[in-house]
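The report that follows describes how side chains pack and pair in a single protein chain. Please keep the sequence and the model at hand while reading.

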Amino acid sequence: KFDIRQYFLTVVTKNSVNIWCYKDCYIKFSSQEFSLKNLHESVHLTNNSIQRFYANGERNDGLPEHNMWLLKEFQRYLRSIGKQNEWPNKIYPQIKKNLLAIVLASLEDTDLEENTFELNGADLMIGNDFQPILLEINGNPDLYYTTKTTRDICPRVMEDVVKGKSIKESKSF
C-alpha cells in the first residue's frame, strides 16, 4: 500500500482565498504487503511515525528501504510501466480538484481572518483507474526530517512557504 503526501497552502487576503499546491510531493509506502485480511497498522498506515517501528516484510524489491519516494521516483516508476502520462494528465489535475472541493466545502459558514495562511498536508491513494482518492487532510503536517526523502522535501516546503516562492511559481486553481 502507498499514499501520496501533497502539501498545499491556503491564503486568505482581503478580497480572495487562494489555494496553492506545492510543486512536489512524496509517496509513502507501508512496510508490509497490503491485505484486507490483515488490519494491522503496519499494513494500512503509511506514516513514518508508525512505519519506523516495523521492519520491512516480504515486498517487491523495487520498493525503497526507507518506505518513501520523491515524486520524480514515482514518475520514473510510471514510465517503467508505460503510464508516464497518468501523473500530469490525470492524477495531479484530479488532486487539485479534490483539494479545491474540500477547501471550498470547509469555507461554508466560516469566518475568515484576513491576511492569514495555513499549510496543510493531504494524503491520497490512487485507485486502479489512476484516480486519486482523498484519505485525509492534516492541519499540522509532519515536516520533520526523518528519512532521506523528508530531508529533501520538507526544508524546501518550509523555505518556499516563508519566501513566497511556491506562490509565485504555482498557479491557483
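Which residue forms a salt bridge with Asp3?

## Charged pairs

In this predicted model, the partner of Asp3 is Lys1, and the closest N and O atoms of the two are 3.6 Å apart. Asp3 counts as buried at 3% relative accessibility, whereas Lys1 is partly exposed with a relative accessible area of 25%. Both belong to a network of salt bridges that links Lys1, Asp3, Arg5, Lys28 and Asp123. The structure holds 8 salt bridges, and side chains of opposite charge can pair in this way when their charged atoms come close.

A further example is the salt bridge between Arg156 and Asp24, at 2.8 Å from N to O. This pair links distant parts of the chain, with Arg156 in helix α5 and Asp24 in strand β2, 132 residues apart. Asp24 is buried at 13% relative accessibility, while Arg156 is partly exposed at 27%. Arg156 also meets Asp152 in a salt bridge of 2.6 Å, N to O; because Asp152 and Arg156 are 4 residues apart in helix α5, about one helical turn separates them. Asp152 is partly exposed, with a relative accessible area of 31%.

Helix α5, which spans residues 148-163, also contains Asp160. Asp160 is buried, its relative accessible area being 5%, and its side chain is joined to that of Tyr22 by a polar contact of 2.7 Å.

In soluble globular proteins, nonpolar side chains tend to be buried together. Here the largest nonpolar core has 21 residues, and those with the most contacts inside it are Ile4, Phe8, Phe74, Trp87, Ile91 and Ile95. Two or more residues of this core come from each of β1 (2-12), β2 (17-29), α3 (71-80), α4 (86-107) and β4 (116-126), and α4 gives the largest share, 6 residues. A second, separate core of 14 residues includes Trp20, Tyr26, Leu143 and Val161.

Ile4 lies in strand β1 and is buried, with a relative accessible area of 0%; leaving aside neighbours within four places in sequence, its contacts include Trp87, Ile91, Ile95, Leu124 and Ile126. Ile4 and Phe74 are 70 residues apart in sequence, and their C-alpha atoms are 9.9 Å apart in space. With neighbours within four places in sequence again left aside, Ile91 is in contact with Ile4, Phe74, Leu78, Glu86, Ile126, Phe130 and Pro132.

## Aromatic pairs

A pair of aromatic rings is described by the distance of the centres and the angle of the planes. The model contains 7 aromatic pairs. In one of them the rings of Phe29 and Trp69 have centres 4.9 Å apart and planes at 85°, so the pair is edge-to-face. Phe29 in strand β2 and Trp69 in strand β3 (residues 68-70) are 40 residues apart, and their pairing links distant parts of the chain; both Phe29 and Trp69 are buried.

Phe74 and Trp87 form another edge-to-face pair, 6.2 Å from centre to centre and with 90° between the planes. Because Phe74 lies in helix α3 and Trp87 in helix α4, the pair ties together parts that are 13 residues apart in sequence, and both residues are buried. One aromatic cluster is formed by Phe2, Phe29, Trp69, Phe74, Tyr77, Trp87 and Tyr92.

The buried residues of α3 are Leu71, Glu73, Phe74 and Leu78. Seen down the axis of α3, they fall within an arc of 160°, so they line one face of the helix. What covers them includes β1, β2, β3 and α4, while the face turned away from the buried side carries the exposed residues Lys72 and Ser80. After α3 comes Gly82, whose phi is positive, near 75°.

Most residues other than glycine have a negative phi. Asn67, however, has a positive phi near 65°; Asn67 is found in the loop between α2 (48-51) and β3, and counts as buried at 7% relative accessibility. Phe130 likewise has a positive phi, of about 65°, although it is not a glycine. Phe130 lies in the loop between β4 and β5 (132-138), and at 18% relative accessibility it counts as buried.

Notes:
Residues are numbered from 1 along each chain as its sequence is written. This is a predicted model: local features need pLDDT of at least 70, side-chain atom pairs count only at pLDDT 80 or more; totals for chains, interfaces and linings use all residues. Side-chain values use heavy atoms; hydrogens and water are left out. Buried means under 20% relative accessible area, exposed over 50%, partly exposed in between (1.4 Å probe, protein chains only). A polar contact is a pair of N or O atoms within 3.5 Å; within protein, one must be able to donate a hydrogen and the other to accept it, and residues adjacent in sequence count only if both atoms are side-chain atoms. A nonpolar core is a set of buried Ala, Val, Leu, Ile, Met, Phe, Trp, Tyr and Cys residues joined through side-chain atoms within 4.5 Å. Contact means heavy atoms within 4.5 Å. Rings of Phe, Tyr and Trp (its six-membered ring) pair if their centres lie within 6.5 Å; planes under 30 degrees apart count as stacked, over 60 as edge-to-face and the rest as tilted. The arc is that of the directions from the helix axis to the C-beta atoms. A salt bridge is a side-chain nitrogen of Lys or Arg within 4 Å of a carboxyl oxygen of Asp or Glu.
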